Amino acid sequence: MSGYFEGILVLLAVNIVFAYGAFLPLSAGQLNIGLAGFAAIGAYSSAYLSNNFALSPMIAIPAGGLFAGFVALIVAVPILRTRGIYLALATFALGQVVQATILNLEVIGGAAGYPVTAFIRLPVVIGFAIVVILFVWILFGTRFGIAVTAVHDDERVADLMGIEVRGFQIAAFAIGSAIAGIGGGLYGHHFSFIEAQYFNIALSITIVLYVLLGGTQTVLGPLIGATIFTLLPELLRASAHWRYVIFAAGIIVMMALRPQGLITGAQLRRLFDWRGARDGAAQSEGSRA
């Protein structure tokens with residue numbers, strides 16, 4: 001495999017991990033546009049552990065994600081008191097604080113960036129992405145997923161049903177931030193260099209768009225959205241400078257026609273119901289024969 005295609009596949013896997021980091025708070029009705037800050041925390045902390053303590057990336061990357069989740073858990077209590085646009089502004093400010101702090105920490109390179117000595121290849125990155133997908137899939141098959149979905153649909157009704165709304169929102173925020181931190185660690189350990197300027201507001205907004213494009217109603221949504229967002233600009237590369245114009249116009253049209261995203265829960269239910277009905281019809285025909 002050429003280095004170009006390997007790089008594209010690595011970015012795809014990392015973007016999928018980022019997308020699931022944004023999916024969790026969005027599924028609980030929270031717009032987190034400071035997600036790049038938690039990705040930066042995971043990237044720098046995992047790189048520091050592998051550089052200075054000779055930890056394997058297989059240990060350092062999850063540890064960096066856990067540290068990002070721990071920081072998110074601390075700041076979630078004051079931040080999640082806000083709602084709507086104020087929550088978006090609060091998370092934006094948090095991301096800016098993280099970026100400015102990193103730029104002033106000489107121990108991790110400051111504005112010059114931070115080299116990462118340990119290196120991971122494509123199979124490891126894909127393996128982490130698959131684990132994240134399975135983790136979120138299983139998580140949303142438990143009481144947690146049902147409760148978070150109820151909170152997203154109507155907080156007051158969820159509270160009347162006995163669901164601890166604030167507790168599940170904090171959990172979704174912290175787990176999503178931990179997943180974003182893992183994505184940052186994967187990025188740093190493959191490309192062998194990280195800088196705070198990469199983890200900016202543009203990255204946070206792009207990550208949120210992955211989920212909005214794919215759909216927030218199902219676990220498949222982030223996977224579909226991140227795949228399209230990553231691969232479509234490369235498929236349009238032949239159109240040179242116009243590819244981003246074409247890509248952006250396509251996104252605008254799609255969001256106008258499908259504001260709920262490409263994949264919805266109703267679509268999946270109809271698909272499985274159709275398959276179940278088809279299998280049942282086939283079995284009944286076989287028994288009559």
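Predicted model: local features only at pLDDT ≥ 70, side-chain atom pairs only at ≥ 80, totals over all residues.
Colleague: Let's do helices, then. How far apart should the end C-alpha atoms of helix H4 be?

Modeller: Helices here are DSSP runs of H or I with at least four residues, strands are runs of E with at least two, and both are numbered from the N terminus. The expected span of a helix is 1.5 Å times one less than its number of residues. H4 has 20 residues (84-103), so it should span 28 Å, and its end C-alpha atoms are 29 Å apart, which agrees.

Colleague: Which residues of H4 are buried?

Modeller: Leu 87, Ala 88, Thr 91, Leu 94, Gly 95, Val 98, Gln 99 and Ile 102. They sit on the same side of H4, because they cover an arc of only 130° around the axis; the arc is that of the directions from the helix axis to the C-beta atoms. The general idea is that an α-helix has 3.6 residues a turn, so residues three or four places apart point the same way.

Colleague: And what covers the buried residues of H4?

Modeller: Contact means heavy atoms within 4.5 Å. The cover includes helices H2 (35-52), H3 (57-79) and H8 (165-191).

Colleague: Now rings. How many aromatic pairs are there in the whole structure?

Modeller: A pair needs the ring centres of Phe, Tyr or Trp (its six-membered ring) within 6.5 Å; planes under 30 degrees apart are stacked, over 60 edge-to-face, and the rest tilted. The search finds 13 pairs. One of them is Tyr 20 with Phe 23, edge-to-face at 6.3 Å centre to centre and 80° between the planes. These two are 3 residues apart in helix H1 (3-27), which puts about one helical turn between them. Tyr 20 is buried at 0% relative accessible area, and Phe 23 is buried at 1%.

Colleague: And where does Phe 140 come in?

Modeller: Phe 140 pairs with Phe 23: the centres are 5.2 Å apart and the planes are at 45°, so the pair is tilted. This pair links distant parts of the chain, since Phe 23 is in H1 and Phe 140 is in the loop between H5 (122-139) and H6 (143-153), 117 residues apart. Tyr 20, Phe 23, Phe 140, Phe 144 and Phe 168 form one aromatic cluster.

Colleague: Which residues touch the most other members of the largest nonpolar core?

Modeller: In soluble globular proteins, nonpolar side chains tend to be buried together. A nonpolar core is a set of buried Ala, Val, Leu, Ile, Met, Phe, Trp, Tyr and Cys residues joined through side-chain atoms within 4.5 Å. The largest one has 80 residues, and Tyr 20, Phe 38, Tyr 44, Val 136, Leu 186, Ile 194 and Phe 199 touch the most other members. H1 gives this core its largest share, 13 residues. Leaving out residues up to four places away in sequence, the contacts of Tyr 20 include Val 132, Ile 179, Val 219 and Pro 222.

Colleague: How many salt bridges are there?

Modeller: The rule asks for a side-chain nitrogen of Lys or Arg within 4 Å of a carboxyl oxygen of Asp or Glu, and the count is 2. In one, Arg 121 meets Glu 6 at 4.0 Å, N to O. Arg 121 lies in the loop between strand E1 (114-115) and H5, and Glu 6 in H1, so this bridge ties together parts 115 residues apart in sequence. Arg 121 is exposed at 51%, whereas Glu 6 is buried at 16%. Glu 155 and Arg 83 also form a bridge, at 3.6 Å, N to O.

Terms used
Residues numbered from 1 in each chain as written. Heavy atoms only, no water. Buried < 20%, exposed > 50% of the residue type's maximum accessible area, 1.4 Å probe, protein only.
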